[in-house]
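Subject: Structure handover

Hi,

My notes follow below it.

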Amino acid sequence: MLNFKSSTLEDITALLNIEKHCFPIEIQFTKETYMSLFKNKDNIIDFIMYNDEAIGVVAVAVRKYTGIFFAARLCNLAIIPEYQSKGLAKQTLEIYLNRLSHFHHVFLEVEMNNEKAVRLYEKCGFKHYKTIKNYYGLNKHALKMKKVFPVLNVIRAN
Ligand SMILES: CC(C)(COP(=O)(O)OP(=O)(O)OC[C@H]1O[C@@H](n2cnc3c(N)ncnc32)[C@H](O)[C@@H]1OP(=O)(O)O)[C@@H](O)C(=O)NCCC(=O)NCCS
């Protein structure tokens, strides 16, 4: 069964281990990246758990100010290979988008050639709005995508 567990600074080794299984070395989150995410207590850095085993990570940086509303950045979503293509990332994303629906929008960057991730985000309502050339290295371009929530649910920044 799918559930989620918040992580703490003490979990950095386990988080880095998931990174190693899911991403090429040049784009893995480092210890420093996680330490800086942990500095803001409002950020979300959760293990994706399946039958009590940590099988992935979801990370969200919150309180990005945009005009009069807040936005959230989905900084990481990864499922270890043994558990991929079972619909677990989609279920996870739907749950977290629901949790974040009081933000004006959620945005993310994804490598253009990461078809599986791009398709997942599109299925969950994200739209491509910008391309950043060479963001992940030479000829590795990023798509910036965002999902905007209905304004009625949104909490204003004041
Ligand atoms: C991208 C990732 C999170 C997807 O996780 P997942 O659990 O395998 O995805 P799901 O099983 O929930 O599938 C979600 C959607 O992806 C698509 N998908 C699934 N398997 C696919 C495949 N083999 N080829 C292409 N698309 C596929 C489908 O559209 C699927 O939706 P559907 O089940 O409604 O048809 C996972 O592959 C991963 O961790 N990759 C490495 C890290 C990464 O690239 N993260 C994204 C960073 S931006």
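First, a definition: a nonpolar core is a set of buried Ala, Val, Leu, Ile, Met, Phe, Trp, Tyr and Cys residues joined through C-beta atoms within 7 Å. Buried means that 20 or more other C-beta atoms lie within 10 Å of a residue's own, with C-beta atoms placed from the backbone; exposed means 12 or fewer, and partly exposed is in between.

Two points on provenance. This is a predicted model, where local features need pLDDT of at least 70, side-chain atom pairs count only at pLDDT 80 or more, and totals for chains, interfaces and linings use all residues. Numbering starts from 1 along each chain, as its sequence is written.

**Core**
The largest nonpolar core has 32 residues, and Val57, Val58, Val60, Leu108 and Met145 touch the most other members. Strand S4 gives this core its largest share, 7 residues. In soluble globular proteins, nonpolar side chains tend to be buried together.

**Overall fold**
The protein chain has 4 helices and 7 strands. Their order from the N terminus is β-α-α-β-β-β-α-β-α-β-β. The radius of gyration, taken over C-alpha atoms, is 15 Å, which agrees with the value near 15 Å for a compact globule of 158 residues. That rule is 2.2 Å times the number of residues to the power 0.38. The C-alpha trace spans about 40 × 35 × 30 Å along its principal axes. Buried residues are 25% of the 158.

**Strand S7**
S7 pairs with S5 in the antiparallel sense over 7 bridges (pairing needs at least two DSSP bridges). In that pair, Val110 stands opposite Leu143 of S7. S6 (residues 127–132) also runs antiparallel to S7, joined by 5 bridges. There, Lys130 stands opposite Lys144. The covered face of S7 holds Leu143, Met145 and Lys147; the uncovered face holds Ala142, Lys144, Lys146 and Val148. Beyond four places in sequence, Met145 touches Phe107, Leu108, Val110, Tyr121, Phe126, Lys127, His128 and Tyr129. Contact means C-beta atoms within 7 Å.

**Ligand shell**
The ligand is surrounded by 20 residues, and the closest are Ala78, Gln84, Ala89, Lys90 and Ala117. The cut-off is a C-beta atom within 6 Å of the molecule. The shell divides into 10 nonpolar, 4 polar and 6 charged residues. Charged covers Asp, Glu, Lys and Arg; nonpolar covers Ala, Val, Leu, Ile, Met, Phe, Trp, Tyr, Cys and Pro; the others, including Gly, are polar. H4 supplies the largest share, 6 residues.

Best wishes

How values were computed. Contact = placed C-beta atoms within 7 Å.
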